[in-house]
Amino acid sequence: MIKYPKKINKADYSENIKNPKTFYGLNPKIEFCSKCTYSNQKPTTEKEYNHKINTKKSTLTIENNVCRACKVLKEKKNTDWSKRKKLLKKICNKYRNKDGTYDCIVPGSGGKDSFYASYILKYEFGMNPLTVTWAPHIYTSWGWKNFNSWIHSGFDNYLFTPNGRTHRLLSRLSLENLFHPFQPFIMGQYYFPARIAAKFKIPLVFYGDTNAEFGHKEDFSNPQRNLHFFTTNNTSNIHIGGTSLKDLKKNFKLKQKDLDPYLPLKPKELKNINLNIQYLGFYIPWHPQECYYFASENGNFSAAPERNAGTHQKYTGIDDKLDDFHYYTTFIKFGIGRSTYDTSVEIRNGEIDRNEGISLIKKYEGEFPNRFSQEVFNYFSINKKEFPQAYKQFEKAEMDIDYFNLLTDKFRSPHIWKYTKNSWKLRRKVWDK
Ligand SMILES: [Zn+2]
């Protein structure tokens, strides 16, 4: 039974407490990069299926006051891009199907990056990409329009929309147990392209910008993604929304078939096609804002009519009404909200300087995502009619603002947050000396 969240003990969050508790195995000493706005609390990619509430998070490294993402930027600037482009041509020549049948997969949502990737592969490098999409939780109207513009710029697409009830239930569990409502989406989206590759025997997948550029542990000098990220032989330890597969079946009455789309593949499923998963960002210098201009010019991509909650930005991650909540949860757990994510990228790409980034963070970071909140709370509500079995597992199956706020406080790590003068404040901010 999932209990209604209890009020937290405010004493843990007092201003002058000596060694405040630290959640998620985060580094108790918060440090910021001196070049961008990232902190050492930023989680880096891990295998989502191993992630439980007590899993120790791996996080961004900062050495000599410079984060790994900014170090990669230096590498990026020193790269011989004409040489890399020749390498890309070579790969395309090797895999291209002369009869026009699909020779590569480009996963994406129809945002600026997937638009750019598929467009240049097709029109500049003569490839025959199949685009594949794992649907957002709830499309924004402008996200849906951009998705269609993408297809109409000359691509076939497989859109997979997971069973709405299963996806809602898993997302609610992820919110409840991990304060990570996006986890089921991330898992499904992650494995779907490899699954399609296996099904249609398409041996090449192209992602856009490299994970290394965001400070993850992968190497910028390696264009290939290791298949072990997508596969496992051992499903016994897999959790979704902090719940084991066994419990999802026994208590929440989900079937193996409901869970399959969220699970990594078996290595043998990929063996016959010798799958090669590549980063296009290794071969072409990736620049998100340029991708935005490119997609607007060549494919009627439009920015959102309003800025995203918690940031000044209008053109990144705009197709899902739950996106605002995803970044709100990262702000609560790691002290890193959407404005930090966006400004950090823009600083590295030279669009703004660090001081401008900090001003934007002061203005927008941590803003509560009001605009779609009622719709999102309805999405997370597990009512009796639609979930006759699963709803019994919740003390209160409906989600509302009071419930959400209690849950929010439960996931605040005391080393990040203090409660003073009747409000929550970050203990350390990017502008602190
Ligand atoms: Zn940095």
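This is a predicted model: local features need pLDDT of at least 70, side-chain atom pairs count only at pLDDT 80 or more; totals for chains, interfaces and linings use all residues.

**Overall form.** The C-alpha atoms fill a box of roughly 65 × 55 × 40 Å along the principal axes. I counted 15 helices and 11 strands. Buried residues come to 43% of the 433. I also looked at contacts between residues at least 6 apart in sequence: 76% of these join residues at least 24 apart.

**Core.** Which residues have the most contacts inside the largest nonpolar core? I got Cys104, Ile105, Leu169, Ala197, Val205 and Phe206, in a core of 53 residues. Helix α6 (residues 183–200) gives the largest share of this core, with 7 residues. Leaving aside neighbours within four places in sequence, Ala197 touches Ile105, Ile202, Val205, Ile273 and Leu275.

**Helix α13.** Next I went to residues 354–364, where Gly357, Ile358, Leu360, Ile361 and Tyr364 are buried. Down the axis of α13 the buried residues fall within an arc of 160°, so they line one face of the helix. A reminder to myself: an α-helix has 3.6 residues a turn, so residues three or four places apart point the same way. On the face of α13 turned away from the buried side I found the exposed residues Asn355, Lys362 and Lys363. What do the buried residues of α13 pack against? They pack against α12 (338–348). Just after α13, Gly366 has a positive phi of about 80°.

**Two spots in one loop.** Thr311 sits in the loop between α10 (288–299) and α11 (323–334), and Ala304 is in the loop between α10 and α11 as well. Is Thr311 buried or exposed? Thr311 has 24 other C-beta atoms within 10 Å, and the cut-off for buried is 20 or more, so Thr311 is buried. Ala304 has 18 C-beta neighbours inside 10 Å, so I logged Ala304 as partly exposed.

I used Ile361 of α13 as a reference point for both. Thr311 is 50 residues from Ile361 in sequence, and their C-alpha atoms are 7.6 Å apart. For Ala304 and Ile361 the numbers are 57 residues in sequence and 20 Å in space, C-alpha to C-alpha.

Then I listed the contacts, skipping neighbours within four places in sequence. Thr311 is in contact with Arg338, Ser339, Asp342 and Tyr364. Ala304 is in contact with Trp142, Lys314 and Ile318. Tyr364 was already in my notes as a buried residue of α13.

**Helix α2.** I checked the span of residues 81–95: the 15 residues reach 21 Å from the first C-alpha to the last, close to the 21 Å expected at 1.5 Å a residue. How many of the 15 residues of α2 are buried? The count is 1, and I noted α2 as hardly covered.

**Hairpin β10–β11.** Last page. Strands β10 (residues 417–420) and β11 (residues 423–426) run antiparallel and are joined by 4 bridges. They make a hairpin with 2 residues between the strands. Lys421 in the turn takes a positive phi of about 50°. Trp417 stands opposite Leu426 in β11.

How values were computed
Residues are numbered from 1 along each chain as its sequence is written. A residue is buried if 20 or more other C-beta atoms lie within 10 Å of its own, exposed if 12 or fewer, and partly exposed in between; C-beta atoms are placed from the backbone. Two residues are in contact if their C-beta atoms, placed from the backbone, lie within 7 Å. The arc is that of the directions from the helix axis to the C-beta atoms. Two strands pair if DSSP finds at least two bridges between them. The expected span of a helix is 1.5 Å times one less than its number of residues. A nonpolar core is a set of buried Ala, Val, Leu, Ile, Met, Phe, Trp, Tyr and Cys residues joined through C-beta atoms within 7 Å.
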